[in-house]
Amino acid sequence: MKIKTFIIKYAEIGTKGKNRYVFEDVLCKRLRSRLKPLGSFNVRRDYGRIYVEADSDYDYDEAVQRMSHTFGITGICPVHEVEDPTPEKIDEAAAEYFEEEYDSYNFTFKVHVRRRNKSFPVHTMDMEARLGGVLLDRFEDRGLSVNVHDPDVMVEVEIRGNAYIYSKIIPGPGGLPVGTNGRAISLLSGGIDSPVATWMIAKRGVEMQAVYFNSPPYTSERALEKVQDLGRIVSHYAGPIKLHVVNFTELQLAIYDNCPHDELTIIMKRFMFKIAERIAKEEDAGCIVTGESIGQVSSQTLFSLGVIDNAVECPVYRPCIGLDKQEIVDISEKIGTYETSIRPYEDCCTIFVAKHPVTKPTLEQITESEKKLEGIVEPILEKAMETRTYTWLR
């Protein structure tokens with residue numbers, strides 16, 4: 001059976017009341033964009049459901065993968081569609097669906113009917129009993145049996161303008177469609193945490209851009225390629241990500257030459273945030289996103305995070321803030337970034353880490369140290385902004 005139609009299910013979108021259509025329209029737009037390279041698809045919405053209908057040949061596995069990586073979706077249901085449904089047509093279609101979908105029938109089942117079309121001549125419970133009988137008659141001698149309390153397979157039948165039969169729901173990532181909650185700039189490094197943080201904020205419907213601080217010759221071209229690969233993996237969920245690449249070496253060396261070495265990481269991050277904030281203003285982004293988690297390293301103590309945040313006025317969001325390392329690793333494995341993150345190419349932070357970094361910095365202490373950069377750092381900052389490059393990751 002060649003699947004031509006999918007029912008797309010969502011959860012959180014359904015709580016949006018009178019604004020729900022806005023989220024549905026954005027989700028439809030995202031699905032059209034994701035599926036366009038694979039063929040011709042009609043994506044439309046109905047009350048509580050979105051339908052994806054293939055109007056041409058397409059790669060089923062690739063289409064399912066793209067839909068299952070689209071935020072806002074909780075389930076993808078490959079369906080057998082029955083046009084101008086009658087009870088007899090649905091009986092035959094359900095039996096045909098089972099014949100095509102399953103190789104063996106040593107399982108229990110239950111039929112669940114939703115009859116949104118109230119003009120359909122058979123009532124819901126009667127249709128459930130009728131279909132259960134049809135399937136049992138056809139497949140009982142091959143092992144099929146009924147269990148209405150805890151079935152192995154739930155056969156879903158939705159009767160609307162047409163009827164839709166399905167028994168498999170492919171899970172989606174949930175969340176909200178990207179583009180419904182503004183734009184953010186993520187500090188994307190080559191580590192495990194920042195791609196996870198980027199993914200988590202995108203899941204809330206936020207369009208993501210990213211900035212990477214490049215430090216040649218202390219970091220190699222491979223390190224940049226690693227970050228680009230991580231951004232591409234996240235883009236499979238979040239949509240295209242604009243990656244800004246900022247040359248940071250000169251600024252790091254100025255900090256290294258003029259500031260206490262136990263404060264290097266704090267001061268460097270403050271300047272990263274300042275650059276990210278400037279990019280955010282240019283790109284109409286409302287916040288900065290980082291992958292920091294409380295206490296994971298010295299620059300991520302509550303004291304350090306407070307001092308770093310003070311460098312900027314825009315909000316800083318840290319979705320991993322309360323997760324331990326293993327929880328972050330688990331998410332990175334789930335979304336497919338882990339193996340790329342552990343490639344052995346250093347980012348700019350790890351090169352300039354002091355042996356004994358400060359863990360309880362004060363704002364007064366750090367700003368006093370930064371005074372030593374006055375007259376030195378301003379042209380370097382301008383040069384970093386002017387020479388930055390960007391690429392779209394897809």
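The lining of the largest cavity comprises 5 nonpolar, 2 polar and 2 charged residues, where Ala, Val, Leu, Ile, Met, Phe, Trp, Tyr, Cys and Pro count as nonpolar, Asp, Glu, Lys and Arg as charged, and the others, Gly among them, as polar. This is a predicted model, in which local features need pLDDT of at least 70, side-chain atom pairs count only at pLDDT 80 or more, and totals for chains, interfaces and linings use all residues. Residues are numbered from 1 along each chain as its sequence is written, and side-chain values use heavy atoms, leaving out hydrogens and water.

**The cavity**
- Searching the whole structure turns up 1 cavity of 30 Å³ or more (on a 1 Å grid over the protein atoms alone, a set of points where a 1.4 Å probe fits but cannot get out; lining residues have an atom within 4 Å of a point).
- The largest cavity holds about 40 Å³ of space, a volume being the space filled by probe spheres set on the grid points, which are joined across faces, edges and corners.
- Its lining includes Arg-30, Arg-34, Tyr-237 and Ala-238.
- Two or more lining residues come from each of α1 (20-35) and α6 (221-238); helices (H or I, at least four residues) and strands (E, at least two) are DSSP runs, numbered from the N terminus.

**Helix α4**
- Met-127, Glu-128, Leu-131, Gly-132, Leu-135 and Phe-139 of α4 are buried (under 20% relative accessible area, with exposed over 50% and partly exposed in between; 1.4 Å probe, protein chains only).
- Viewed down the axis of α4, these buried residues fall within an arc of 130 degrees, so they line one face of the helix (the arc is that of the directions from the helix axis to the C-beta atoms).
- On the other side of α4, Met-125, Asp-126, Ala-129 and Asp-137 are exposed.

Key:
On a 1 Å grid over the protein atoms alone, a cavity is a set of points where a 1.4 Å probe fits but cannot get out, and a pocket is an open set with protein on both sides within 12 Å along at least five of seven lines; lining residues have an atom within 4 Å of a point.
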